[in-house]
Amino acid sequence: MQDEPTPVELTKAVADFLRNDITPLISGHQSFKLRVAINILDLVTRQLTQEEGSDAREVERLRALLGMDGSVTELNRALADRIAKGEVDLATPGLAEHLWATTMDKLAVDQPNYASYKRELGREG
Amino acid sequence: MIEAELSRSVQRWCPGATGVTGAAKLSGGASQETWRFDITHPDGPIGAILRRSPKGYGAAPTRAAGLAAEAQLMQLAFEAGVPSPRVMHVLSAEDDLGTGFIMQRVEGETIARKILRDEEFAAARPLLARQIGGILAGLHRLPQDKLPELRSRGATQEISEFDRDYRSLNWPKPVFELALRWLRDHDPGPSVETTLVHGDFRNGNLIIGPDGVRAVLDWELAHLGDPMEDLGWVCVNSWRFGEIDKPVGGFGTRDELFAGYEAAGRKVDPARVKFWEVMGTLRWGIMCGGMMQRFRESPDHSMERAMIGRRASETEIDLLRLLSPRGS
């Protein structure tokens, strides 16, 4: 077991420092790049916070859908193969729900401000 | 620097020109650059743009038409009344500037978010979807016997090409697989008519003023194919920049786009347009994957490229909204 502060706490501290102390000092193209850097750290923080739970739920759905066991990567590869072969499609019970749940979890980490995501989130609300 | 070469160049082909000022690079990757500058002239300065591949970067990537073809297409569009900058000069060896061309600078805005938000464009916005329909009709009618040599791409070939690009990423994505299946199942086959296709006609590649579209830019993906491809691509959600209920670039409805196209005397096939919108959404998603791959493989560790890789999920949610919409 590693010591604390946790990776989330450390990443947040760096992002806050860049956002609050460095942003006012920088201009032009470098300030655009700084914004990208802060966005990356915020994304990493969201992933560290959410990934464990969302991966576990994804694996559970994939096991039920595919009737097999494996890591989240292996199960995704297997599902991709079955869709490519036409063995599984949108008429397969649970597929649409699984893809929607998985995609919503990805957007929650990647781009929580994306308009399509916010619209779909409102539907669930 | 580049001003010395530009000065010598303009004095050869622009009567009365005495030199250039204010050369500034607007954008540039390794193989292609865009510069702005002013030609000094007794009647007043002439705004100009240089598009070039620097010396040693002659070869175009496989999908690109090449700068010489781009210049020819823009000139042809200009002559046909399609909003386009006038091409002033195609570079030759004696210009010593690489390969490319110089065109007249068209004033206006290209940044999509500004066009969608700024007050300056408020009056133009509701007219743009219909206007874009008319412009695309004009573009699809450009005389085929005058076109430069272009690659030819139909729906079936494009599906195979994207399938191959996707598999080469080794990036298993169930939603992309589903989209590829859907595209195969809905492949409309060869179009009744083959025309010039712009290939990247979208919000972001148009110069817009308070009066509407002033110029169509970025012709590098031009090819021969199904004209409905351009109508589908302009509707891809990624080019609506948040205005998701206005499919045509965030400006307006498909009906307005189609009405503008048909008023200009051309026919719309809405099923084909939908096919190309799905294709276009997947295309941008696979391009995001390509950015991820380039981020990993190239030594410059570009943060922007890394983050574009993380935008593939945006196209996944948009594909699901197209192929498996949830209740309203």
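A salt bridge is taken here as a side-chain nitrogen of Lys or Arg lying within 4 Å of a carboxyl oxygen of Asp or Glu. The model is predicted, so that local features need pLDDT of at least 70 and side-chain atom pairs count only at pLDDT 80 or more, while totals for chains, interfaces and linings use all residues. Residues are numbered from 1 along each chain as its sequence is written, chains are lettered from A in the order in which they are written, and side-chain values use heavy atoms, with hydrogens and water left out.

Over all chains, the structure holds 37 salt bridges. One of them joins the side chains of A:R19 and A:D16, with an N to O distance of 3.1 Å. These two residues stand three apart in helix α1 (residues 7-22) of chain A and are therefore separated by about one helical turn, helices being DSSP runs of H or I with at least four residues, numbered from the N terminus. A:R19 is partly exposed, with a relative accessible area of 33%, and A:D16 is partly exposed at 35%, where buried means under 20% relative accessible area, exposed over 50% and partly exposed in between, for a 1.4 Å probe and protein chains only.

A salt bridge is also formed by A:D105 and A:R57, whose closest N and O atoms are 3.7 Å apart. This pair links distant parts of the chain, with A:D105 in helix α4 (residues 95-110) and A:R57 in helix α2 (residues 28-66) of chain A, 48 residues apart.

In chain B, the side chains of B:D163 and B:R184 meet in a salt bridge at 2.8 Å, N to O. Distant parts of the chain are again linked, since B:D163 belongs to helix α5 and B:R184 to helix α6 (residues 174-185), 21 residues apart. B:D163 counts as buried at 12% relative accessibility, whereas B:R184 is partly exposed at 42%.

The structure holds one cavity of 30 Å³ or more, a cavity being a set of points on a 1 Å grid over the protein atoms alone where a 1.4 Å probe fits but cannot get out, with lining residues having an atom within 4 Å of a point. The lining of the largest cavity consists of B:E158, B:F162, B:E229, B:W233, B:W276, B:M279, B:G280 and B:R283. Helix α9 of chain B gives the most to this lining, with four residues.

Technical notes:
On a 1 Å grid over the protein atoms alone, a cavity is a set of points where a 1.4 Å probe fits but cannot get out, and a pocket is an open set with protein on both sides within 12 Å along at least five of seven lines; lining residues have an atom within 4 Å of a point. Grid points are joined across faces, edges and corners, and a volume is the space filled by probe spheres set on the points.
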